[in-house]
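Look at the sequence and structure first, then follow the questions.

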Amino acid sequence: MKKLIQVKNVVKTFDKQVVLKGISLDIEENEFVTLLGPSGCGKTTLLRIIAGFLDPDEGHVIMDGEDIAKIPAYQRDVNTVFQHYALFPHLNVYENIAFGLKIKKQPKDIIDQKVRRMISLVGLEGFEKRDVTRLSGGQQQRVAIARALVNEPKVLLLDESLSALDKNLRKEMQLELKQIQKEVGITFIFVTHDQEEALTMSDKIVIMKDGEIEQIGTPTEVYNEPVNEYCARFVGDSNIIDGIMKRDRLVSFDDNDYECVDYGFSENEEVDIMLRPEDINITARNKGLLNGEVKSVLFKGIHNEVIVETSSGTSKTVIMHVTKSHDVKNEEAHETISAKSFFMDPEDVPTLTSSEVITRANAQAWTDDEEEISISKVDFHVKEEEGVYECTLATEKGTEITININVVKPALIEDKENEEIIQAFDFYRDADEIKESVALDTDLILWADAYAWNTEDDSRVEIWDVKYDFDDENITEGDYPVTFSTQGRELKIETTMHIQEGERIGLWWKPEDIHVMRKMR
Amino acid sequence: MKSFSKMAYPYVVWMCIMIIMPMLMLVLYAFTVKGNDILTFQFTLENFARFFNDTIFPSVLWRSLKMAFITTGLCILIGYPTAYIFARMKPNNQAVMILLVTLPMWINVLVRTYAWRGLLGYVDFSSEMRVYVGMIYNFLPFMILEIYTSLSKIDPNLIVASHDLGADDGETFRRVILPLSLPGVVSGITLVFLPAVSSFFIPKLLGGGQYVLIGNLIEDYFITSGDWNFGSAISLIMAIIILISMYVMRKLDRGAKEAMD
């Protein structure tokens with residue numbers, strides 16, 4: 001095959017924002033090339049530069065060995081199918097398709113012959129005299145394709161051309177476009193953000209990100225061997241796992257080594273591992289490469305999508321002291337006040353304010369008529385060292401309650417493997433508060449001040465799971481353990497097997513199903 | 001919406017009294033002789049015969065139509081490029097230019113025409129030229145606004161598509177921009193031609209009595225000579241000409257609209 005278009009180091013900037021950061025790309029004759037990427041990755045800009053609607057700031061576009069920088073759009077051997085088709089509303093179907101040929105002043109009979117051939121190619125016979133605005137989206141799409149192809153361009157550019165169609169029609173048009181491309185035998189450059197579209201139609205997929213090309217390859221290549229996490233996530237469903245390349249053909253994650261077929265990494269290099277959900281198989285416990293517990297099963301028609309937890313996250317257990325409610329009633333003032341003792345970190349003492357004490361103690365006061373009143377006085381003397389300190393809260397009318405503030409150093413749980421730290425405090429609550437809670441998990445996290453973060457970059461890690469063993473509807477006084485944990489290793493699996501939530505299973509895969517990728521810059 | 005339809009009743013009454021009644025009176029006057037009292041009418045076609053048998057009256061009518069035609073034509077010639085330039089400016093500048101075009105309309109037409117009388121006193125123009133200046137000045141903004149509106153409604157992607165299909169700027173204008181802006185031109189013509197053909201104060205103020213148009217004739221017969229019957233007949237002839245031209249415009253407009261959709 002011959003190189004038809006060479007894009008060489010093209011840079012484009014809009015308002016000081018670099019949209020294309022030096023793109024180089026070869027496009028061959030008769031190729032169906034897809035520029036794939038999210039919105040804002042520069043794919044449409046690149047297309048417009050090839051079409052001649054935009055000029056590159058730097059670099060060259062070479063077509064048939066000739067730099068086309070100086071050739072205006074209307075003289076290029078390139079035609080475009082626009083995102084919203086841009087059909088001429090004052091012309092009918094026939095006149096729209098004939099537009100380009102009329103401009104070229106071709107003889108009438110030749111025009112007629114070519115237009116009719118195009119109309120039958122895109123299957124619009126009988127629609128010649130139709131008003132283009134009265135056509136359906138799919139028909140407009142066909143007119144746009146015919147209008148571009150009738151000029152016999154060397155390259156057809158398609159700018160998100162299928163995105164305005166509904167799902168079924170889009171699938172139909174995907175096949176049709178591929179069919180047309182084979183029939184007319186010219187190069188198609190197709191821009192889309194839809195990975196499925198790209199996989200279905202393309203000979204070559206160009207994955208773009210932030211104005212740069214991440215990967216160029218056939219659909220099989222980009223699906224099976226993505227170069228990095230970004231490409232793996234963009235094309236198809238995948239499990240991406242942080243791992244370490246022990247040596248050639250041996251990779252490790254979650255403390256286990258696995259055989260693979262990848263090589264050429266440096267020893268103990270940190271890598272991203274990709275496992276496609278359809279490549280993971282389910283077997284009996286202890287019979288596979290690793291064990292896990294089924295977290296959820298989603299029915300997806302042909303297959304079930306199963307989430308399996310293979311290792312738990314970082315967790316911390318605290319004691320919830322369920323106490324008798326000891327509201328203080330002030331008969332004279334017809335008021336009641338309630339508050340709970342609480343635990344806190346000495347580090348937080350210097351910034352402790354009255355309102356924070358009220359929040360942490362869950363302090364409330366109300367009249368006999370159940371009307372809420374504010375707590376106006378908070379008396380506390382807390383030192384920045386471990387100990388138990390008394391604190392008095394009171395209303396305007398002198399209804400007061402005394403609680404304990406327990407200053408204790410938090411027992412941090414650090415998980416070296418997960419690079420996470422989790423902390424939480426014991427806490428006091430009365431039975432009613434637990435019974436009345438609408439979102440108990442969230443409340444428990446709040447009451448225990450549970451918090452987890454990544455040791456590497458100090459970013460916050462979500463508390464994924466709250467486990468407890470009490471019946472919150474009928475809880476009585478006593479001490480109860482509550483465990484907070486972060487998300488562990490969860491793998492997504494596609495299977496046709498019927499499987500139950502909570503089942504303990506084994507998982508296995510073939511060494512070649514593991515795909516190891518270099519970490520992204 | 002139904003509950004609001006009753007709010008139109010006062011307007012219907014107002015229309016009957018202020019528009020329909022005078023129209024009927026006009027028709028009545030046009031077909032009767034002078035000096036009828038309220039109970040006895042003497043019908044006649046004399047007023048119309050007088051108009052068409054005279055050499056002056058048809059020539060004044062012809063002159064009025066010619067004047068309106070030329071005014072409209074010049075308004076298109078000046079207005080189209082102006083509107084085209086506006087439509088290609090940056091949005092902010094477009095708003096400023098449109099404001100500048102509409103700004104004179106905030107001042108009463110009569111006042112503006114008087115001002116022109118003063119200004120044109122400094123140059124040696126024929127009375128015909130002076131009337132043209134006044135007419136074009138007065139009607140040009142309508143033409144510009146109508147054409148500008150239709151030009152700015154054109155999807156810029158169509159122009160890109162036209163270039164993509166091999167058309168240079170000239171071809172793109174001829175084959176895409178011009179046909180798509182025609183509806184604006186047609187409604188601009190309606191807004192200029194109709195008032196221009198019946199205008200009377202501009203020729204009166206700027207023509208200095210030398211340049212008589214049909215509007216001036218009507219005014220003379222009603223106000224100066226008090227011959228309401230003949231004045232009504234001329235008005236009716238005018239009205240019929242306007243109706244015909246409106247019908248033609250409607251046809252043209254629909255043709256252009258169909259091309260648009």
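**Chain contacts, helices and a sheet**

Reader: How many residues of chain B are in contact with chain A?

Author: This is a predicted model. Two residues count as touching if their C-beta atoms lie within 7 Å. On the chain A side, 20 residues take part, and on the chain B side the number is 18.

Reader: Which helix supplies the largest share of the side of chain B that touches chain A?

Author: Three helices, α8 (156-164), α9 and α12 (228-260) of chain B, each give at least two residues to that side. By class, the side has ten nonpolar, three polar and five charged residues. The largest share is six residues, and they come from α8(B).

Reader: What percentage of the residues in chain B is buried?

Author: A residue is buried if 20 or more other C-beta atoms lie within 10 Å of its own. Chain B has 261 residues, and the buried part of them is 30%.

Reader: At roughly what angle do the axes of α4 and α9 of chain B cross?

Author: Two packed helices are described by the angle and the distance between their axes. Helix α4 (residues 56-87) and helix α9 (residues 169-198) of chain B have axes that come within 9 Å. The crossing is right-handed. The angle is roughly 145°.

Reader: How many nonpolar residues does the contact of α4(B) with α9(B) have?

Author: From α4(B), the residues include Leu65(B), Met67(B) and Ile76(B), and those they meet in α9(B) include Val185(B), Ile189(B) and Phe193(B). By class, the contact has five polar and no charged residues, and its nonpolar residues number eleven.

Reader: Which strands of the open sheet in chain A stand at the edges, and why is one side of each left without a neighbour?

Author: The sheet has four strands in the order β21-β26-β25-β24 (chain A), with mixed pairing. A strand at the edge has a single partner strand, so one side of it has no neighbour in the sheet. The two edge strands are β21 (342-344) and β24 (375-380) of chain A.

Reader: Which residue in β25(A) is the bridge partner of Phe380(A)?

Author: Strands of a sheet pair through backbone hydrogen bonds, either parallel or antiparallel. Here β24(A) and strand β25 (residues 387-395) of chain A run antiparallel and are joined by five bridges. The bridge partner of Phe380(A) is Cys391(A).

Methods
Residues numbered from 1 in each chain as written. Chains lettered and ligands numbered in written order. Predicted model: local features only at pLDDT ≥ 70, side-chain atom pairs only at ≥ 80, totals over all residues. Axes fitted to C-alpha atoms, helices over the stretch in contact; angles between N-to-C directions. Left-handed = near helix turned anticlockwise from the far one by under 90°. Nonpolar A, V, L, I, M, F, W, Y, C, P; charged D, E, K, R; others polar. Buried ≥ 20, exposed ≤ 12 C-beta atoms within 10 Å, placed from the backbone. Pairing = 2+ DSSP bridges.
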